[in-house]
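Hi,

Here is the structure I said I'd pass on.

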Amino acid sequence: MLEKLENCTICPHQCGVDRKKGQIGRCQAKDTVKIALYSVHFFEEPCISGEKGSGTIFFSHCNLNCLYCQNYEISQLGKGKEYTIEQLAEIMLKQQNLGVANINLVTPTSYVPQIIEAIKIAKKNGLNIPIVYNTN
């Protein structure tokens, strides 16, 4: 799945950059995963948060570049920290261990290949709650 980063067509812009060689396309994402915040979120739609909260993972960068984005510092300015795929899997498991209802991936589009690999790792290590793809 990570080979998709070599000629990036993950989002509709299909910029074709080679993120594995450090090229950066419209979304500003690299081959690593950049996360601004992960936490238990009780204030998402009630059907997502439930009573246990949602294990949100807010990814940095976004392919839409919306001028009035409510998460502008995260989506456009790239606020956050880089993580490996293995670390992303660990974050998912930490969230599950906190008792959340789901793993809520916020603006994940630019990182789909890495997320898929992280879910595979997390699942092998016991991840068994739903994944919410919460995007633009």
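Let's begin with the cysteines. Cys8 has a relative accessibility of 6%, so Cys8 counts as buried (buried is under 20% relative accessible area, exposed is over 50%, and partly exposed is in between, with a 1.4 Å probe and protein chains only).

Before going on, a word on the model: it is a predicted one, where local features need pLDDT of at least 70 and side-chain atom pairs count only at pLDDT 80 or more, while totals for chains, interfaces and linings use all residues. Residues are numbered from 1 along each chain as its sequence is written, and side-chain values use heavy atoms, with hydrogens and water left out.

Back to the cysteines: how many disulfides are there? With a disulfide taken as a pair of cysteine sulfur atoms within 2.5 Å, the count is 0. Cys8 is in no disulfide, and its nearest cysteine sulfur, in Cys15, sits 5.2 Å away. Cys27 is buried too, at 8% relative accessible area. Its closest cysteine sulfur is the one in Cys8, and a bond is ruled out because the two are 5.9 Å apart.

Cys69 is in the loop between strand 2 and helix 2 (helices are DSSP runs of H or I with at least four residues, strands are runs of E with at least two, and both are numbered from the N terminus). Cys69 is partly exposed, at 26%. From Cys69 to Asn136 the C-alpha distance is 9.9 Å, although 67 residues separate them in sequence.

Asn136 turns up again in the largest pocket. The pocket has 18 lining residues, and those nearest its centre are Gln70, Asn71, Val106, Thr107 and Asn136. Strand 2 (54-59) and helix 2 (72-75) are the elements that give two or more residues to that lining. For the rule behind this, picture a 1 Å grid over the protein atoms alone: a cavity is a set of points where a 1.4 Å probe fits but cannot get out, a pocket is an open set with protein on both sides within 12 Å along at least five of seven lines, and lining residues have an atom within 4 Å of a point. By class, the lining holds 9 nonpolar, 7 polar and 2 charged residues (Ala, Val, Leu, Ile, Met, Phe, Trp, Tyr, Cys and Pro are nonpolar, Asp, Glu, Lys and Arg charged, and the others, Gly among them, polar).

Next, the salt bridges. The whole structure has 4 of them, each a side-chain nitrogen of Lys or Arg within 4 Å of a carboxyl oxygen of Asp or Glu. One joins Lys20 and Glu6, at 3.9 Å from N to O. Both residues lie in the segment before strand 1 (33-41), so this pair ties together parts 14 residues apart in sequence. Lys20 is partly exposed at 42%, and Glu6 is partly exposed at 39%.

Another links Lys30 and Glu82, with 3.3 Å from N to O. Here the partners are 52 residues apart, Lys30 in the segment before strand 1 and Glu82 in strand 3 (residues 81-83). Glu73 and Lys79 also pair up, at 4.0 Å, and Glu73 is partly exposed at 48%.

Last, Ser49. Is Ser49 buried or exposed? Ser49 is buried, with a relative accessible area of 2%, and it is found in helix 1 (residues 46-49). Leaving out residues up to four places away in sequence, Ser49 touches His41, Phe42, Phe43, Glu44, Ser54 and Ala101, where a contact means heavy atoms within 4.5 Å.

Cheers
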